[in-house]
Amino acid sequence: MESVVVVGGGLAGVRAVEALRGKGFQGGLTLVSAERHRPYDRPPLSKAVLAGERDDTTVDADWDALGARLLLGERATALRPAPGGGGTVATTAGDLRFDGLVIATGAAPITLPGGGPQRVLRTVDDARALRARLAEGTRVVIVGAGWIGAEVATTAARKGCAVTVVEAADTPLANAVGPEVGALTAPWYAEAGVELRTGVKVAAIEADGLALADGGRIAADEVVVGVGVRPSLDWLEGSGVLVQGGIVTDAAFRATVGADDLRSDIVAVGDCAAWWSHRYGRRLLVEHWDTALNAPEVAAATLLGQEAAYDPVPYFWSEQFGRMVQYAGHHPAAERLVRRGDPAEAKWAVCWLSGDRLEAVLTVNRPRDLMQARRVIAAGTPVDPEAVADPDIPIKDA
Ligand code: FAD
């Protein structure tokens, strides 16, 4: 393999470059990214950057040592895979031929209908622009009580804004962790002085705020929309790359091109990839930092012809209303939920179980529980459900 093109300069893109060089790849390496900035970390954007405690989150990569060509502020517009391997990526900087391709174009926020101004939070420019608007008394209305909505509400409230969060579901985080666990986080909003309005559907964003589906209105100086993201894959239209929600890959991140041509020279990673998990027997599209950090190691190995598979216990965290919330596992198929500690207290956790197997855990200010549970989930060993419910007993195998 003589030349690799990486499309997308987020965490997954830079980690792919580092992994390829780390595994001894000495050929030409080009990274194309639509943003003008060098790859940077996104999690601090809704936390320290929004709070004004940090301004720069650039990933600490030694680009000279990596010997990669950076095409920043340039966009891939089309992919033409060659039938026998390799191909061409059309970009705003011209055509790039490749022997190997890493697709790491991530995801972009979903916006809502209506002609009024709405902000999203995905890029460092978004974060800096929103930060400048968070002043004492500003009426900030956030649509979506998901991870990003809760984090923005936290900072906006701390800055003295009058914050309202509007959520279509009956509880915060309903999509992510289910309504029962999501409901446990609802009191955090009122405690922080944030008005949480659940079961409210937004019809449109208008010049001075929100028009609601029931005919009501909410006035706002700033509207921030945090209702989820969609993989950035428009540029692949007509390429033959199979997309179902995200780019369909196997556990080695090989993309499918055409009817069923699994291509070892075209891999997809990060927020744009729906990869096959042997552990869960299904495809996962995990839009979280840990995957963007670690999956490129496997994708790089695949490109270089090495056997590799990605099969982690998914992990993510969120910092909201002064709490560290962490999650590990995959709970949709779990049979029941066990509380570990009192959710009215500062530190607690919930565990999802099937029989005596721990499927997933969500911890609030209990990082040790998270680490222990993640180990047990990964090992798949049985636990004692009664011990799991006791916050004074470490989470371990039965
Ligand atoms: P991205 O970071 O989206 O990078 C993709 C890059 O590709 C972008 O720069 C994009 O401009 C570029 N691109 C797109 N299309 C093209 C094209 N056609 N041509 C060229 N370039 C293109 N995760 C957690 O686990 N915990 C957290 O606390 C957390 N907080 C977050 C806070 C915020 C505000 C955001 C936005 C995300 C957060 N995440 C968090 C999620 C995590 O940051 C993402 O999962 C991770 O950034 C995904 O990395 P990626 O490289 O796959 O995609």
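A: Two notes on the source come next. This is a predicted model, in which local features need pLDDT of at least 70 and side-chain atom pairs count only at pLDDT 80 or more, while totals for chains, interfaces and linings use all residues. Residues are numbered from 1 along each chain as its sequence is written, and side-chain values use heavy atoms, with hydrogens and water left out.

Now to the ligand. Around it stand 35 residues, and the closest are Glu35, Arg42, Lys47, Arg122 and Asp271; a residue is near a molecule if one of its heavy atoms lies within 4 Å of it. By type, this shell has 17 nonpolar, 10 polar and eight charged residues. Here Ala, Val, Leu, Ile, Met, Phe, Trp, Tyr, Cys and Pro count as nonpolar, Asp, Glu, Lys and Arg as charged, and the others, Gly among them, as polar.

Where does the ligand lie? Domain 1 (3-108 + 230-303) and domain 2 (111-225) both contribute shell residues, so the ligand lies between them. The domain bounds come from an automatic or database domain assignment. At least two shell residues come from each of α1 (11-22), β2 (28-33), α9 (289-303) and β23 (315-320). Such helices (H or I, at least four residues) and strands (E, at least two) are DSSP runs, numbered from the N terminus.

Next, look at oxygen atoms of the ligand. One is 2.7 Å from an N or O atom in the side chain of glutamate 35. There is also a distance of 2.9 Å between a ligand oxygen and a backbone N or O atom of alanine 12, and one of 3.2 Å to a polar backbone atom of histidine 288. Each is a polar contact, meaning a pair of N or O atoms within 3.5 Å; within protein, one must be able to donate a hydrogen and the other to accept it, and residues adjacent in sequence count only if both atoms are side-chain atoms. On its own, the ligand has 1,000 Å² of accessible area, and the protein covers 94% of that. Accessible areas come from the Shrake-Rupley method with a 1.4 Å probe; for residues, only the protein chains shown count as cover.

From the shell, we can follow β2 to its neighbours. Five of its six residues are buried, so β2 is largely enclosed by the rest of the structure. Strand β1 (residues 3-7) runs parallel to β2, joined to it by five bridges; two strands pair if DSSP finds at least two bridges between them. Valine 5 has threonine 30 of β2 as its bridge partner.

β1 also pairs with β7 in the parallel sense, over four bridges, and there valine 7 stands opposite isoleucine 103. Strand β7 (residues 100-103) is covered on both faces: Gly100 and Val102 are buried on one side, and Leu101 and Ile103 on the other. A further parallel pairing, over three bridges, links β7 to strand β20 (residues 261-268), where valine 102 has valine 267 as its bridge partner.

Key:
Buried means under 20% relative accessible area, exposed over 50%, partly exposed in between (1.4 Å probe, protein chains only).
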